Amino acid sequence: MSGSTAVRIRGVVKRFGPVVANAGADLEVAAGEIHALVGENGAGKSTLMRVLAGMYPPDGGTVEVATSGGALREVSGWTTRAAIDAGVGMVHQHFMLVPTLTVAENLILGREPRRGLSLDLAVAEREVRALSDRTGLRVDPSRLVSDLSVGEAQRVEILKTLYRGAKVLILDEPTAVLSPPEVRDLWKVLRRLRDDGGTVILITHKLDEVIAISETITVMRAGRTVGRLPTAQATARAIARMMVGREVSLAERRELGTGNGEPTAASRERQAASVPGSPFPVPALQVSHLTVASSRRPNEVDNVSFTVARGEILGIAGVEGNGQTELIEAITGLRDVSSGTISIADASGALREVTDSDVRSRADAGLSHIPEDRHRRGLVLEYSVADNLILGQQHRFTASASALDRARIASNAASRISTFDIRPPDESLPSRVLSGGNQQKIVIAREMGRDFTVLIAAQPTRGVDVGAIEFIHDQLRKARAEGKAILLVSADLVEILALSDRVVVMYGGRMVVTLPGHEATPEILGPYMTGAHGAAGTAT
Amino acid sequence: MTSRRGSADERRDRMRVRIEESVLPPLVALAIAAVVGDVLILIFGQSPGEVYRQLLEGTWGNAYGFGQVIYKATTLTFTGLAVAIGIRAGLFNIGAEGQLASGGFLAALVGLALPAGTPGIIAILLCLVAAAAGGGVVGAIPGALKARFGASEVIVTIMLNFIVLALLNYIVAAHVHVAETLHTPEIRAGSMPRLGDVSARFAGSAANTTFLFALVAAVGVWWYLFRTRQGYELRAVGLQPDAAEYGGVRVGSVWAKAMIVSGALAGLGGVNYVLGYKHYYEEGFGTGSGFLGIAVALVGRNHPVGVVIAALLFATLSQGGLAVNALVPKQMVDVLTAVVIIAVATSVPEVRRALASARRARGTGGREPDSAPSEGLISNPGPSSQFPVTDSGS
């Protein structure tokens, strides 16, 4: 089987109005391999794969897919239905499952086995269970999708694609929502599929994944294919250079990611230096015995205590959905606490309790907040860039009791846009039309451009490109050097390890372990993130 | 880097896009309605040209007809503004009907209670305050229930219409009606000067100076929505309540306030009839104006300028129905009004899509983010609204 070609894409062009997503992209995937398609956000990877999966017709170029006989057949501009029938299936970043149906019901949707007029669910569940066993994608077919974890939902998505007979499986950033052990499980499943003769195309921008799993790599930049090489001959640095088109400072990320002590010692010095006359850290944010309820559980955050000192980044690692969101919302005043206190240092450095204050007074007290979901919370998408740059500060931009001071709003926008390099540099554009990275820069500019003592940075680089990640990390480091206290919450372990002076892991609403940044490694943190150390780790 | 000139061009481009997007859809809708109207007129065996000519002559063609249009548009402007401000805050106020009646009733009561010699300006101001309060109280109930308990304002406002109208009818019938009628006695103070008093050409028409207050209200609403911090917060709540909450806005309190303001605006609409036209409160005086306010807001794209224009349009159709009664049944114009509303509801998204794809073909205008079309069912579908609310305007 190997040696023959499963997919061949040549010179595909895809435009969305003035935006060219693909400008002559090529891709050749051998049958029975795991092929990594890498590139920055906005490089056109997802678009190209949607063209392959029949979601978009290309504006130019050809798409060929192997028939069951092995010969290539041109299919450019086919429908999703035709793609599925030909065995090309795509698992999307956003899951397309009906939450109120069971796993089995979701899988058979559109091709239900029937007995007379009624649905034969017993047959369906049997088929699903058999498929589940064969692939190693274990999930109970009778459970409701709404009860599944994100990792399980992803397994259902993959199962659904396989159930429809996919021989070429396209996965779009599948690990973004997984913990390290879940990622390892996914790799196992993918290898098994490959060994059974399946072909896998993996869209990603995480280089360690590429090297861990793929056989061949295709790199895209700005809508074009800029390289194709066997993984055995690739280094992370070389791939990164191809992705970005210049040298990237991966070094520090790598170094810290593997847990070498040097940089953290440096940050320790910096931390001491930032508090003149005191060798001890000065707390700027103090959370004690905090318990927060959610609609699901009374103790979504369960008796959590910690402090963040000035000049320190405290990183909270953990699989999403373990209470991080509720913790952030409680600290920022968006959610009521059940018990416990939250205090923020005032101008004189004394801690002042803000547990019962509203969002605005906490912001006025020096609390900045980069929310985890900029499209839901961080921006009013229909508002202009200028209007979004004052969100949360609107009461400081009035000329009289109520009239907004348009001149000051405009000058604020002009200075933030140039300082934080927001593109295009036009304050009157609706924020909706900016790229993800630039939208995030609006949020960063607003929250870090003003005076603050404590910053809550939740998923600060989610969905932004490599260049913007560098910029945002530099901003966070700069703020730390200026003596700000930063609480970093991220699902990206590399990010946590690259920036944090101390790392804590949240699991099941508790902080199960606290480590100095230089001692933390993915290997040590991984088991805590999945609760494997749950019993041993109740030290908190 | 864009040069200064380049960005000025871009600005002009965007301005053109905005104007196209706000003006073209209603025009297309009107064209569709006109075609449907043609067919209806032909069915009645009349010439469309003749009917439309009479419709225009009977409305904008003479002072009396024009006065009637102004009169009807005044009430519709108030109820349209009321609905629009609600939608801007993400609320669908279907209770303008009851709020209008309540405002008119309270204005009448104050007008009755004041001594006959009260100076006009003071009496009018007091009556206006009473009207706003009457509508505001009725609006406050669904606002408070929504803010406090999350009760759907749609259901509460619909039900309140029944309660308020029944209650007012009872009070009038049982306590303050003039014998043999369903209206209160004439107010002693606070009546608005009629246009007929100013110029004899308007004699007989119901038009009165309330329309000036309607224009002031439209300007006020515009200023409030687009130039004040409270308006900034209100629109943020309507577009993305989660983002507003993040921005330190108390969403519930904005909802409550918006419903009070909305109710007060609808209540002020009652002044037009009570102080300006009949000088008494009568059961069912505003029939339909509250509901038609929804259509006015929809056609006017929830923008005060659009609301005034749409109010004039619907007032013209309403008055025009009387003018063409000799040729076609006046109900035909009611059908036409409904067709306009349906056409607007349908053509706004459709025309905007067409405009967007035309722009794509030309290669100018808005861009489309790469990840737009894949919204999963399990993920948050994002802020969706029953209404074509955009933030165009200001």
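Me: What share of the 394 residues of chain B counts as buried?
Reply: In chain B, 51% of the 394 residues count as buried, where buried asks for 20 or more other C-beta atoms within 10 Å of a residue's own, exposed for 12 or fewer, and partly exposed lies in between, with C-beta atoms placed from the backbone. Please keep in mind that this is a predicted model, in which local features need pLDDT of at least 70 and side-chain atom pairs count only at pLDDT 80 or more, while totals for chains, interfaces and linings use all residues. Residues are numbered from 1 along each chain as its sequence is written, and chains are lettered from A and ligands numbered from 1 in the order in which they are written.

Me: How many helices and strands does chain B have?
Reply: Chain B has 14 helices and zero strands, counting DSSP runs numbered from the N terminus, with helices being H or I of at least four residues and strands being E of at least two.

Me: At what angle do α3 and α4 of chain B pack?
Reply: Helix α3 (residues 63-88) and helix α4 (residues 96-113) of chain B pack at about 130 degrees, and their axes lie 10 Å apart; the axes are lines fitted to C-alpha atoms, for helices over the stretch in contact, and angles run from 0 to 180 degrees between N-to-C directions. That angle makes α3(B) oblique to α4(B), given that under 35 degrees counts as roughly parallel, over 145 as roughly antiparallel, 65 to 115 as roughly perpendicular and the rest as oblique.

Me: Which residues make that contact of α3(B) with α4(B)?
Reply: On α3(B) they are Thr79(B), Ala82(B) and Val83(B), and on α4(B) they are Ala96(B), Gln99(B) and Leu100(B), where contact means C-beta atoms, placed from the backbone, within 7 Å. These residues divide into four nonpolar, two polar and no charged; Ala, Val, Leu, Ile, Met, Phe, Trp, Tyr, Cys and Pro count as nonpolar, Asp, Glu, Lys and Arg as charged, and the others, Gly among them, as polar.

Me: And what about α8 and α9 of chain B, how far apart are their axes?
Reply: The axes of α8 (residues 210-227) and α9 (residues 229-239) of chain B are 5 Å apart, at an angle of about 75 degrees, which makes α8(B) roughly perpendicular to α9(B). Tyr224(B), Leu225(B), Phe226(B) and Arg227(B) in α8(B) meet Gln230(B), Gly231(B), Leu234(B) and Arg235(B) in α9(B), and this contact holds four nonpolar, two polar and two charged residues.

Me: Switching to chain A, what is its secondary structure?
Reply: Chain A comes to 19 helices and 22 strands, and 49% of its 540 residues count as buried.

Me: Is Ile170(A) buried or exposed?
Reply: Ile170(A) is buried, because 28 other C-beta atoms lie within 10 Å, and this residue sits in strand β9 (residues 168-172) of chain A. Leaving out residues up to four places away in sequence, Ile170(A) touches several others, including Met49(A), Leu52(A), Val91(A) and Ile201(A).

Me: Last one: what covers the buried residues of α19(A)?
Reply: The cover includes α6 (180-195), β15 (312-317), α18 (493-499), β21 (502-507) and β22 (510-516) of chain A. The buried residues of α19 (residues 522-529) are Leu525(A), Gly526(A), Pro527(A), Tyr528(A) and Met529(A), and just after α19(A), Gly531(A) takes a positive phi of about 80 degrees.

Technical notes. Two residues are in contact if their C-beta atoms, placed from the backbone, lie within 7 Å.
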